[in-house]
Amino acid sequence: MEPRQVASVRGASNPAGPLRALPAGPRPAHRPVLPGRQTSFVGRTSDLAELTELLTVPDCRLVTIIGPGGIGKTRLAVEAATAVRERFADGVAFAPLQAVSDAGSLPTALAAALGYALSGREDAREQVARYLRPAHLLLVLDNLEHLLTEAVWLGDLLATAPGLRLLVTSRQALNLQEEWRYPLA
């Protein structure tokens, strides 16, 4: 199956209805938060409406907002995450990835965004996966384009954590089967 190119979600069928909170697993020590808004959100209201609707489609668990730098991917992702955060029992976490220099550091960056302290000798990927397994969370991954070699691991996270949804901003698609692409122009 090819990744889905999302042109519009208006009229998308949603037989399961709106998202419901899953039974709560272990909660994070603190609820993850989104970055503060520096300015008011102007424009892209139709994109925001479509994206927030897309985040309620039950089988849509990975959305990638794709577009060139400076077009507003991050701002749109933050607004969409803010609009749907009450639908997630464990909230929304924001992982800024622009400063992550190598793909092997992605699990550490995600743990930091989640407020989760890695410990011991166990692989960081395994620790993050175990932490996310019971979570009902929207994880926003901002600026993933330089870490695309880790896309397969993100797909594995989705497979092992049924309450996890990913909202990604990138200049390039992840090219995963689970991916729903939302191109910005």
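Tutor: Happy to! Let's begin with a word we will need: a residue is called buried when its relative accessible area is under 20%, exposed when it is over 50%, and partly exposed in between. Please also keep in mind that this is a predicted model.

Now find R181, which sits in strand β6, residues 179-183. Its relative accessible area is 18%, and because the cut-off for buried is under 20%, R181 counts as buried. Its side chain has polar partners, too. One is the side chain of N175, joined to that of R181 by a polar contact of 2.5 Å. Another is the side chain of E179, where the polar contact with R181 is 3.4 Å.

Strand β6 is mostly covered, with four of its five residues buried. On the pairing side, β6 runs parallel to β2, and five bridges join the two strands. To see one of these pairings, look for V63, whose bridge partner in β6 is W180.

From β2 we can move on to β5. Strand β2 covers residues 62-66, and five bridges join it to β5, again in parallel. Here L62 stands opposite L166 of β5. Strand β4 is also joined to β5 by five bridges, and these two run parallel as well. L139 has L166 as its bridge partner in β5. L166 is therefore a handy landmark, as L62 stands opposite it and L139 is bridged to it.

How well covered is β5, residues 164-170? Seven of its seven residues are buried. In a regular strand, side chains alternate between the two faces of the sheet. In β5 both faces are covered: L164, L166, V168 and S170 are buried on one side, and R165, L167 and T169 are buried on the other. Strand β5 is also part of a right-handed β-α-β unit, together with β4 and α5.

That unit leads us to a charged pair. Side chains of opposite charge can pair when their charged atoms come close. E150 forms a salt bridge with R125, with the closest N and O atoms 2.8 Å apart. E150 lies in the loop between β4 (137-142) and α5 (151-160), while R125 is in helix α4 (residues 124-132), so this pair ties together parts that are 25 residues apart in sequence. As for cover, E150 is buried at 10% relative accessible area, whereas R125 is partly exposed at 24%.

In one of them, E122 and R130 meet with an N to O distance of 2.7 Å. E122 is partly exposed, at 34% relative accessibility, and R130 is partly exposed too, at 40%. In another, R44 pairs with D47, and their closest N and O atoms are 2.9 Å apart. R44 is partly exposed, with a relative accessible area of 27%, while D47 is buried, at 16%.

From β5, the pairing with β4 takes you into the β-α-β unit.

Notes: Residues numbered from 1 in each chain as written. Predicted model: local features only at pLDDT ≥ 70, side-chain atom pairs only at ≥ 80, totals over all residues. Heavy atoms only, no water. Buried < 20%, exposed > 50% of the residue type's maximum accessible area, 1.4 Å probe, protein only. Polar contact = N/O pair within 3.5 Å; in protein donor to acceptor, adjacent residues only side chain to side chain. Salt bridge = Lys/Arg side-chain N within 4 Å of Asp/Glu carboxyl O. Right-handed = clockwise from strand over helix to strand, strands pointing away.
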